[in-house]
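Student: Could we go through the spaces and helix packing of this model together? I would like to know where the labels come from.

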Amino acid sequence: FFGLSHGPLRAHHEMVPNVSTRGDMLRQRGQEKSVRENNIGAAKAVANAVRTSLGPKGMDKMISGKNGDVIITNDGATILQQMEVAHPTAKMLVDLAKSQDTEAGDGTTSVTVLCGAILDAAQKLLEKGIHPTLISEAFLVAEQQAQKFIEAISSPVDLTDRDQLIKVASTSLNSKVVSQNAQVLAPVAVDAMLRIIDPATATNVDLRDVAIVKKLGGTIDDTELVDGLVFTQKAVKAAGGPTRVANAKIGLIQFCLSPPKTDIDQSVIVSDYAQMDRILKEERKYILDLCKKIQKTGCNVLFIQKSILRDAVTDLSLHFLAKMKILVVNDIERDDVEFICKTVGCSPIASIESFTAEKLGKADLVAEEATPDSKIVRVTGVPNPGKTVTIFVRASNRMLLDEADRSIHDALCVLRCLVKKRYLTPGGGAPEAEASYRLAHWANGLPGMQAYCVKQFATALDVIPYTLSENAGLNAISMVTELRNRHAAGETSAGINVRKMCISDIREENVVVPLLVYTSAISLATECVRMILKIDDMVMVR
């Protein structure tokens, strides 16, 4: 009898957890909680760091690098990239801003701030004892629904409407350091994009076809669009070569016009003068042969790629080329070779044997021009305009020049968003306020815990209008309350007008943003939050 019942008794005894196991479980839960709290705290700290730079009235950040470089910017992705973040979860926010920069190009600050706000909402729900998986799934449902609500207030856009596109580019530029020059830079960005795409059929834009060339000197208002190429280095005329060539036939060489060197580092000692003379004669003959072969093809403009191993040109080769009336530009960067070939229609030439007339490109004029700082070489009248375009950016100091470059890139990315998804949404916190109001109402029809989580997500979306008004020095609480009332009354495009310090119809103020910027920001931020919520432990590997 005892023998028979011993098994079930023991099984029953094992099913009841002893005190130590229960203690371990509680300890483990406590550890999970603390890991989550740490992760959420670190991510929120990063989000708060960039929060003040959101919107047209946002502050700029001055970043001082290790080597003494100073960057002044309010571009979220640039700020986060330069920050040295040690915490692994905080690094996720840096990657988040980078993803938004790649996907949409604009809204990098918004996506970080939004992620911080959604994390804050998640933390409140966790404190109430709701399981992270439930929160995560509810947030996914809320994000998909929010995107639908934002799409509902969007309007289609015609890419042939240049004025509309300029408004979009201006909205992107208005929150940058160079906002006062938006009326100059916006048309430049729009024209650059319209030159390289066919508005009727395009579904994407390759921004590598737009070269942004920076040169110190002048002001940002001197920035211009060039159908052709601009080189910031001057033409080499040490030997009195030409500085202007019409009907140019352009060769791009990747070999050196200098005496050959041995592969291994060694020194040759010549003791006899006759031998030394012979070496110099051979060198002269070798270089003259190279130059004659180049002249024979009819080439009259020569671009020479930068060489690391030895000098790309020597005084002797420059002397011969000058006599042959060939204009020389050296130190061409390897990264620029593809763009140059696409623009002038030439092919890169790796050796003198393959230098033929078929590989030459054409241009109407290659000329050296004087600028306030130094000289530049401009190539105009290229054979197939519409394949590439150059934006020549000018500014009075290095920091402004770099920021102008970043701002133009952002404006081009925003225009690319419109080509990908041809819908426009009002800006100024209007889409977030609309999505927040609609989500809160929609949540009433959901069952139990899910409704509670979706309502918290809806409240989190209000962070954008709240921060916009806070950064503009307005009373944030009264502004957001009024904004909610307006949206409740059916004004879908009511937003915060930071110029007039009130709430107005944002479309009338021409503050319009591509739909892709908002949908991408909400989906990326939610994805990042869900990933952080799923982490319950951190293991350090030494």
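**Pockets, a cavity and a helix pair**

Tutor: Gladly! The lining of the largest pocket is made up of 13 nonpolar, five polar and 15 charged residues. Please keep in mind that this is a predicted model.

Student: What makes a residue such as Asp-336 part of that lining?

Tutor: A lining residue has an atom within 4 Å of a grid point of the space. The largest pocket has 33 lining residues, and Asp-336 is among those nearest its centre, along with Ala-211, Ile-212, Val-213 and Phe-339. The volume of this pocket is about 840 Å³, and H12 gives the most to its lining, with six residues.

Student: Which residues lie closest to the centre of the second largest pocket?

Tutor: The second largest pocket holds about 720 Å³ of space. Its lining has 42 residues, and Gly-55, Pro-56, Thr-171, Ser-175 and Leu-468 are the closest to the centre. By class, that lining counts 17 nonpolar, 18 polar and seven charged residues. Several elements supply at least two residues each, including helix H5 (108-127), helix H7 (162-174) and helix H15 (463-471).

Student: Why is another space called a cavity and not a pocket?

Tutor: The word cavity is used because a 1.4 Å probe fits there but cannot get out, whereas a pocket is open. The search of the whole structure finds one cavity of 30 Å³ or more. The largest cavity has a volume of about 40 Å³.

Student: What lines the largest cavity?

Tutor: Ten residues do, with Val-236, Gly-241, Leu-318, Ala-322 and Val-328 nearest the centre. Helix H10 (residues 315-323) gives the most to this lining, with three residues. The lining of the largest cavity has eight nonpolar residues, one polar and one charged.

Student: Now the helices. Why are H15 and H16 called oblique to each other?

Tutor: H15 and helix H16 (residues 476-488) pack at an angle of about 135 degrees. Roughly perpendicular covers 65 to 115 degrees, and roughly antiparallel needs over 145, so an angle between those two ranges counts as oblique. H15 and H16 are therefore oblique. Their axes are 9 Å apart, and H15 passes H16 in a right-handed crossing.

Student: How do you know that H15 and H16 meet, and through which residues?

Tutor: Contact means heavy atoms within 4.5 Å. On the H15 side are Pro-465, Tyr-466, Ser-469 and Glu-470, which meet Ala-476, Ile-477, Met-479, Val-480 and Leu-483 in H16. Sorted by class, this contact has seven nonpolar residues, one polar and one charged.

Notes: Residues are numbered from 1 along each chain as its sequence is written. This is a predicted model: local features need pLDDT of at least 70, side-chain atom pairs count only at pLDDT 80 or more; totals for chains, interfaces and linings use all residues. Side-chain values use heavy atoms; hydrogens and water are left out. On a 1 Å grid over the protein atoms alone, a cavity is a set of points where a 1.4 Å probe fits but cannot get out, and a pocket is an open set with protein on both sides within 12 Å along at least five of seven lines; lining residues have an atom within 4 Å of a point. Grid points are joined across faces, edges and corners, and a volume is the space filled by probe spheres set on the points. Helices (H or I, at least four residues) and strands (E, at least two) are DSSP runs, numbered from the N terminus. Ala, Val, Leu, Ile, Met, Phe, Trp, Tyr, Cys and Pro count as nonpolar, Asp, Glu, Lys and Arg as charged, and the others, Gly among them, as polar. Axes are lines fitted to C-alpha atoms, for helices over the stretch in contact, and angles run from 0 to 180 degrees between N-to-C directions. Angles under 35 degrees count as roughly parallel, over 145 as roughly antiparallel, 65 to 115 as roughly perpendicular and the rest as oblique. A crossing is left-handed if the near helix is turned anticlockwise from the far one by less than a right angle, and right-handed if clockwise.
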